[in-house]
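Here's a quick briefing to read alongside the sequence and the model. Have both open and follow the topics in order.

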Amino acid sequence: MLVERAYAKINLTLDVLRKRPDGYHEVDMVMQTVDLSDLIWMDVKESGIHLDSGASNIPLDDRNLAYVAAQKFLQTAQITSGVTITLEKNIPVAAGLAGGSSDAAAVLRGLNRLFDTGYSVDKLAEMGASIGSDVPFCVYGGSAVAKGRGEQLTRFRHNLKAWAIIVRPPIFVSTADVYGALTRDNMSEQPRSQQMVDALLRCDFEQVVGLVTNGLRPAAERLYPEVKEYADRLSSTIGQPVHMSGSGPTLFILTPTMRRAQRTYNAIRGFMKEVYLCRLI
Ligand SMILES: C[C@@](CO)(OP(=O)(O)O)[C@H](O)COP(=O)(O)OP(=O)(O)OC[C@H]1O[C@@H](n2ccc(N)nc2=O)[C@H](O)[C@@H]1O
Ligand SMILES: Nc1ncnc2c1ncn2[C@@H]1O[C@H](COP(=O)(O)OP(=O)(O)O)[C@@H](O)[C@H]1O
């Protein structure tokens with residue numbers, strides 16, 4: 001039996017460049033891991049994949065990305081025994097925080113240890129790309145520029161200390177629908193990832209905040225006007241810029257100190273139910 005942590009991510013920049021012939025969109029984004037995590041226990045079983053979770057809002061069959069990852073891993077490694085997976089879900093579901101992708105990545109890492117298969121992290125990321133666009137990033141974690149459909153990564157390390165107050169409004173958003181609602185106006189020819197990387201490497205907090213962008217936000221707000229209502233309300237209450245992660249609806253606010261993060265968290269807790277205080281890691 002072993003346990004893996006599956007961390008959430010936020011998108012610090014997300015530029016959509018164009019729609020591709022295969023239906024996906026070419027993106028250019030800065031992905032950042034935060035210390036909000038699911039916990040996944042894995043053990044060897046005689047046969048089959050058995051997924052269990054206390055969470056009632058996720059499927060526990062082959063629609064669950066953790067299950068898909070186990071299938072993929074066992075098939076690739078030609079392992080005939082089965083596994084039990086127990087998932088403690090702490091990352092909000094369908095939120096733009098890559099919770100499902102991160103669970104899949106953690107299962108790949110965990111089964112590699114459990115069966116002592118010795119795959120490199122790069123090989124696990126390659127396996128992950130067939131499960132979802134965000135899975136390769138989640139295999140590594142940390143900070144990276146992601147291109148292609150999100151699977152082509154250039155990883156980097158920065159020392160910026162920052163906290164994120166993550167707010168999940170009670171709205172259900174479909175990633176495919178948000179991408180599908182993009183118009184030409186929402187696409188960008190000049191991605192801001194390099195500027196963001198430079199600002200992170202310089203540990204320039206103000207510049208980082210000024211550079212946060214999300215090309216999916218207009219489409220998400222058009223499809224789900226409540227996203228904008230929540231963002232406007234949050235922003236006017238706390239007097240700070242509010243950003244959207246991924247395809248939404250999750251909103252986040254960055255702060256340079258734990259004290260400010262705690263104050264902002266307390267202010268938001270008064271009127272929003274799902275609020276999390278995280279650190280960028
Ligand atoms: C928007 C982002 C930003 O990090 O994150 P989330 O909001 O999901 O967290 C990602 O691009 C989401 O990645 P992921 O959730 O893994 O997407 P996938 O399962 O591969 O694709 C779901 C659907 O989204 C659309 N899609 C996804 C990625 C991409 N580059 N172009 C797309 O058009 C496609 O319609 C696809 O069928
Ligand atoms: N392990 C999982 N955790 C959460 N959601 C999952 C999981 N596996 C599959 N899903 C499904 O994937 C969809 C997207 O979930 P999630 O990965 O949390 O969001 P996002 O891709 O927006 O970050 C949801 O509709 C959910 O039912």
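**Active site, domains and ligand**

Leaving aside neighbours within four places in sequence, Asp134 is in contact with Ala98, Ser101 and Gly150. Bear in mind that this is a predicted model. Asp134 matters here as one of two residues, Lys9 and Asp134, that the UniProt annotation "active site" covers, in an unreviewed entry.

**The annotated pair**

- Asp134 sits in the loop between α3 (121-129) and α4 (135-140).
- Is Asp134 buried or exposed? Asp134 counts as buried, because it has 30 C-beta neighbours inside 10 Å and the cut-off for buried is 20 or more.
- Lys9, for its part, is found in strand β1.
- Lys9 has 28 C-beta neighbours inside 10 Å, so it counts as buried too.
- Not counting residues up to four places away in sequence, Lys9 touches Met31, Gln32, Thr33, Val34, Leu97, Ala98, Phe137 and Cys138.
- Ala98 turns up in both contact lists: it touches Lys9 and it touches Asp134.

- The chain splits into domain 1 (2-156) and domain 2 (163-279).
- Their C-alpha centres are 22 Å apart.
- Where they meet, domain 1 puts in 25 residues and domain 2 puts in 34 residues.
- On the side of domain 1 that touches domain 2, β1 (2-19), β2 (25-45) and β5 (143-147) each supply at least two residues.
- Which of these elements gives the most to that side? That's β1, with nine residues.
- By class, that side of domain 1 has 16 nonpolar, five polar and four charged residues.

**Around ligand 1**

- Why does ligand 1 lie between the domains? Domain 1 and domain 2 both give residues to the shell around ligand 1, so that is where it lies.
- There are 20 residues around ligand 1, and Gly132, Ser133, Arg149, Gly246 and Ser247 come nearest.
- β1, β2 and α5 (175-180) each supply at least two residues of this shell.
- The element that gives the most to the shell is α5, with three residues.
- The shell's residues divide into 11 polar, seven nonpolar and two charged.

Conventions. Residues numbered from 1 in each chain as written. Chains lettered and ligands numbered in written order. Predicted model: local features only at pLDDT ≥ 70, side-chain atom pairs only at ≥ 80, totals over all residues. Domains from an automatic or database assignment. Contact = placed C-beta atoms within 7 Å. Helix = DSSP H or I, 4+ residues; strand = E, 2+ residues; numbered from the N terminus. Nonpolar A, V, L, I, M, F, W, Y, C, P; charged D, E, K, R; others polar. UniProt positions renumbered as here; feature names shortened; annotations may be inferred. Buried ≥ 20, exposed ≤ 12 C-beta atoms within 10 Å, placed from the backbone. Near = placed C-beta within 6 Å.
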